Amino acid sequence: MRKVVTMAILASAVLVSACNTVAGAGKDVSSAGRAVTNTAEDVKK
């Protein structure tokens, strides 16, 4: 039973850290998209 609990805790830790990584990557992509949009707007003017 102890092994099952330990594995569940480890699996939860991995899943939570993966979510944070994906969220961080999403923010990076979003900020890059804003930079491209701002540059395109500046070129139009």
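**The charged pair and its surroundings**

Author: Glu41 counts as partly exposed, at 36% relative accessibility, where buried means under 20% relative accessible area, exposed over 50%, and partly exposed in between, with a 1.4 Å probe and protein chains only. The model is a predicted one, in which local features need pLDDT of at least 70 and side-chain atom pairs count only at pLDDT 80 or more, whereas totals for chains, interfaces and linings use all residues. Residues are numbered from 1 along each chain as its sequence is written, and side-chain values use heavy atoms, with hydrogens and water left out.

The partner of Glu41 is Lys44, and their side chains meet in a salt bridge at 3.8 Å, N to O; the term stands for a side-chain nitrogen of Lys or Arg within 4 Å of a carboxyl oxygen of Asp or Glu. Side chains of opposite charge can pair when their charged atoms come close. Glu41 and Lys44 are separated by about one helical turn because they lie three residues apart in helix H1, residues 2-44. Lys44, at 68% relative accessibility, counts as exposed. A search of the whole structure finds one salt bridge.

The C-alpha trace spans about 65 × 5 × 5 Å along its principal axes, and of the 45 residues, 0% count as buried.

Ala13, another residue of helix H1, has a relative accessible area of 45% and so is partly exposed; its C-alpha atom is separated from that of Ser30 by 26 Å, 17 residues away along the chain.

Met1 sits in the segment before H1 and is exposed, at 80% relative accessibility. Together with Val5 and Ile9, Met1 makes a nonpolar surface patch of about 360 Å²; patches are made of residues with over 30% relative accessible area and no salt bridge, like charges being joined within 9 Å and nonpolar side chains (Val, Leu, Ile, Met, Phe, Trp, Tyr) within 5 Å. The accessible surface of the protein comes to about 4,100 Å², 69% of it belonging to carbon and sulfur atoms, with areas from the Shrake-Rupley method and a 1.4 Å probe, and, for residues, only the protein chains shown counting as cover.

Technical notes: Helix = DSSP H or I, 4+ residues; strand = E, 2+ residues; numbered from the N terminus.
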